[in-house]
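This briefing covers helix packing, the nonpolar core and a few individual residues. The sequence and the structure are shown first.

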Amino acid sequence: SKEDGKKVFSSLGQNDARALCFVWMLGDRRDLTSLRRSAELGFAFAQAWMAWQTEGEEKFKFAQLAAAQGERDGFYWLAACFQHCGGCEKDLDKAKENFLLASE
């Protein structure tokens with residue numbers, strides 16, 4: 001069950017980036033504490049989710065971190081930032097480049 005999965009992942013501690021991310025995914029998604037900790041520990045998947053959950057410069061920062069590790073959704077959110085001035089200057093060429101990387 002969802003609760004059993006959450007218990008298993010929670011038992012792995014506060015330094016297991018993947019477990020923290022999945023605890024968040026199985027829990028209350030309004031509380032970003034576990035997801036943020038996972039992203040700060042360097043888990044690219046969590047960084048991409050943080051890019052989705054945040055705005056402005058923070059969104060851009062997490063998108064860059066995720067994309068730097070080759071995370072598909074990181075490229076997508078980085079492209080969206082460049083397309084819509086999300087924490088950076090608008091650059092449609094960089095947006096296209098990152099959308100292409102996300103699609104590949």
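**Helices H5 and H6**

In this predicted model, Lys59, Phe60, Ala63, Gln64, Ala66 and Ala67 of H5 make contact with Gly74, Phe75, Trp77, Leu78, Cys81 and Phe82 of H6.

- The axes of H5 and H6 approach within 7 Å, with a crossing angle of roughly 140 degrees.
- H5 and H6 are therefore classed as oblique to each other, since only angles over 145 degrees count as roughly antiparallel.
- The crossing of H5 past H6 is left-handed.

**Nonpolar core**

- The largest nonpolar core contains 25 residues.
- Cys21, Trp24, Leu35, Ala46, Phe60, Leu78 and Phe82 have the most contacts inside this core.
- Two or more core residues come from each of helix H2 (17-26), helix H3 (33-40), helix H4 (44-53), helix H5 (56-68), helix H6 (72-84) and helix H7 (92-103).
- H6 gives the largest share of the core, with 6 residues.
- In soluble globular proteins, nonpolar side chains tend to be buried together.

**Helix H4**

- H4 is largely enclosed by the rest of the structure, because 7 of its 10 residues are buried.
- The buried residues of H4 are Ala44, Ala46, Gln47, Ala48, Trp49, Met50 and Ala51.
- These buried residues of H4 pack against H2, H3, H5 and H6.
- Ala46, one of the core residues with the most contacts, touches Cys21, Leu35, Ser38 and Ala39 when neighbours within four places in sequence are left aside.

**Asn98**

- Asn98 is part of helix H7 and counts as buried, at 7% relative accessibility.
- The Asn98 side chain comes to 2.9 Å from the backbone oxygen of Lys94.
- Not counting residues up to four places away in sequence, Asn98 is in contact with Phe75, Leu78, Ala79 and Phe82.
- Among these contacts of Asn98, Phe75, Leu78 and Phe82 are also H6 residues that meet H5.

**Ala17**

- Ala17 lies in helix H2 and is buried, because its relative accessible area of 15% falls under the 20% cut-off.
- Apart from neighbours within four places in sequence, Ala17 contacts Ser38, Leu41 and Phe43.
- Ser38 is a contact of Ala17 and also of Ala46.
- Ala17 and Trp52 are 35 residues apart along the chain, and their C-alpha atoms are separated by 18 Å.

Notes. Residues are numbered from 1 along each chain as its sequence is written. This is a predicted model: local features need pLDDT of at least 70, side-chain atom pairs count only at pLDDT 80 or more; totals for chains, interfaces and linings use all residues. Side-chain values use heavy atoms; hydrogens and water are left out. A nonpolar core is a set of buried Ala, Val, Leu, Ile, Met, Phe, Trp, Tyr and Cys residues joined through side-chain atoms within 4.5 Å. Buried means under 20% relative accessible area, exposed over 50%, partly exposed in between (1.4 Å probe, protein chains only). Helices (H or I, at least four residues) and strands (E, at least two) are DSSP runs, numbered from the N terminus. Contact means heavy atoms within 4.5 Å. A polar contact is a pair of N or O atoms within 3.5 Å; within protein, one must be able to donate a hydrogen and the other to accept it, and residues adjacent in sequence count only if both atoms are side-chain atoms. Axes are lines fitted to C-alpha atoms, for helices over the stretch in contact, and angles run from 0 to 180 degrees between N-to-C directions. Angles under 35 degrees count as roughly parallel, over 145 as roughly antiparallel, 65 to 115 as roughly perpendicular and the rest as oblique. A crossing is left-handed if the near helix is turned anticlockwise from the far one by less than a right angle, and right-handed if clockwise.
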